[in-house]
Amino acid sequence: MFDNNVFLENTCKNIEEASKITGFELKTNITYYRGIPLSMVNDIRVEVDGEKIPRENISCSVDEVDWFTLDEMETVTTYKWEYGEPLLVRVRQDGGLSKGTHQVALDVIVRTAYIPVPLAGRKVRTVEIA
Amino acid sequence: MGNIKTCVSLYSLQDEYLNKRMSLEDIFKFLAENKVEGIEIIPDQMLHNTPHPSEETLVEWDRLVSIYKMKPVIADVFLNTNLYKNRELTKKECVDLLIEEIKLANRLGINLIRLVSMVPAFVIEPLLPYAEKYNVTLALEIHAGLSFDVPKTQEFIDEMKRLNSPYVGLVIDAGVFCKRLPRVMADYCKHLGTNQEVIDYINDIFAQGKDPRKVYLENGGFPDDLKKLLKSEADHFFAHFADGYENEPYSILDEYMPYIKHFHFKLFEMTENGEEYSIDYKGLLQYLHEKGYDGYVSTEYEGNRWVLPGHPMVEKEQVLAHQALIRNVIKDLEGQEVY
């Protein structure tokens, strides 16, 4: 239903810090039709070529200033993930994604106000790393 | 006789907004150019940092409302009772959050709040002094799948009747009056892999004048012959979601008419002959006209969530076609031009 919102095209790239590749990042819109505080993000899952990324290696930001791990996000109520503004998802991984083609999957799962089960969306994209 | 007014919920144009094809101003302009004079807004959707948008956002809102001469009719408010993963909000936390929403509605020039379905009844009494002070009426949404006979909805209605305040009422979503399952929803599920036999089974329930929710309730879950048909996750998804469309007679509203403040005129698909595929708006408007309803009815397009990947988004076209339909019907009923 909201799968089309997940994993924005051409946003997946390696992160370079002090001339070292420390991981990769991507962007996604929300799997809902309104903004919610980050504490209502139930889970974010990333898979690369079928391999699950460990949960503790994932962090997120709505402003590219302050970053929260998924565990930390559970108490973050004053930063909102706005409808129409992407969430940045970073994966800490030495060397990032290797050169070549990868199948990167993103699952976004959020709690909503009245629907008893969280709303999930998934998108798999083919990512080229030059 | 009544004086039914029309407006458009900005929910209808959410994909245009999400993908930045239309800004909030573009939406106001588009609606104003098409003689729409009232809007419904989800502040959480299009006003950042709701319920505390920045002064800049509020000034921009004032500017848009003023230059496009748009009446902001109603704000759709949510209550994040599950803000935290490990517990529900307390009563005090719920009330405090909603006080902020009342203040925001007042600041936006809005006198009516739609409370999302399942908002607990206990918030009403403590909120009444704020509703009166800020002149904002609180109306619970009666939505298909969560409608009149659901215990939490019933509790809200009982409390509403007990308090009997002009500041408390109901918003009715017309998804309660589906004569047929929305075809766009079935097509989307079919694309996901739902079996045609399962779709036929649900369509048949509507054809018999019933709806899936009622049938599931009567059977304590999916009926056995439906269970036999459910083979994939896509089959289950479809069967579950199908209970969000009800097929009630208009007369279910009879006892609630004095409390009804607003209608969501749900729109799944305008067909080529200018009618909504699932809901008979001529019949519904005839009923409301006879009852003397004089509030707003708001176009709420939801077919956007069932657009197949790679197909064009047709939110603007659908909204205009639906507005044309309901304005014409009201005009015929009331013998005057209606916007």
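This is a predicted model: local features need pLDDT of at least 70, side-chain atom pairs count only at pLDDT 80 or more; totals for chains, interfaces and linings use all residues.
1. In chain B, the strands β1-β2-β3-β4-β5-β6-β7-β8 form a closed barrel of eight strands, and their pairing is parallel. On average, and with direction ignored, neighbouring strands of this sheet are turned by 30° against each other.

2. Strand β1 of chain B, which covers residues 5-9, runs parallel to strand β8 of chain B, residues 296-301, and four bridges join the two. Within this pairing, B:Thr6 has B:Val297 in β8(B) as its bridge partner. As background, strands of a sheet pair through backbone hydrogen bonds, either parallel or antiparallel.

3. Further along chain B, helix α13 (residues 281-291) packs with helix α14 (residues 315-334) at an angle of about 40°, and their axes are 10 Å apart. Because of this angle, α13(B) counts as oblique to α14(B). The crossing of α13(B) and α14(B) is right-handed.

4. Which residues of α13(B) and α14(B) meet? From α13(B) come B:Tyr281, B:Lys282, B:Leu285, B:Gln286 and B:His289, and these meet B:Leu325, B:Ile326, B:Val329, B:Ile330, B:Leu333 and B:Glu334 of α14(B). Sorted by class, the contact of α13(B) with α14(B) holds seven nonpolar, two polar and two charged residues.

5. Between the chains, 20 residues of chain A are in contact with 23 residues of chain B. On the side of chain A that touches chain B, eight residues are nonpolar, seven are polar and five are charged.

Terms used
Residues are numbered from 1 along each chain as its sequence is written. Chains are lettered from A and ligands numbered from 1 in the order in which they are written. Axes are lines fitted to C-alpha atoms, for helices over the stretch in contact, and angles run from 0 to 180 degrees between N-to-C directions. Angles under 35 degrees count as roughly parallel, over 145 as roughly antiparallel, 65 to 115 as roughly perpendicular and the rest as oblique. A crossing is left-handed if the near helix is turned anticlockwise from the far one by less than a right angle, and right-handed if clockwise. Two residues are in contact if their C-beta atoms, placed from the backbone, lie within 7 Å. Ala, Val, Leu, Ile, Met, Phe, Trp, Tyr, Cys and Pro count as nonpolar, Asp, Glu, Lys and Arg as charged, and the others, Gly among them, as polar. Two strands pair if DSSP finds at least two bridges between them.
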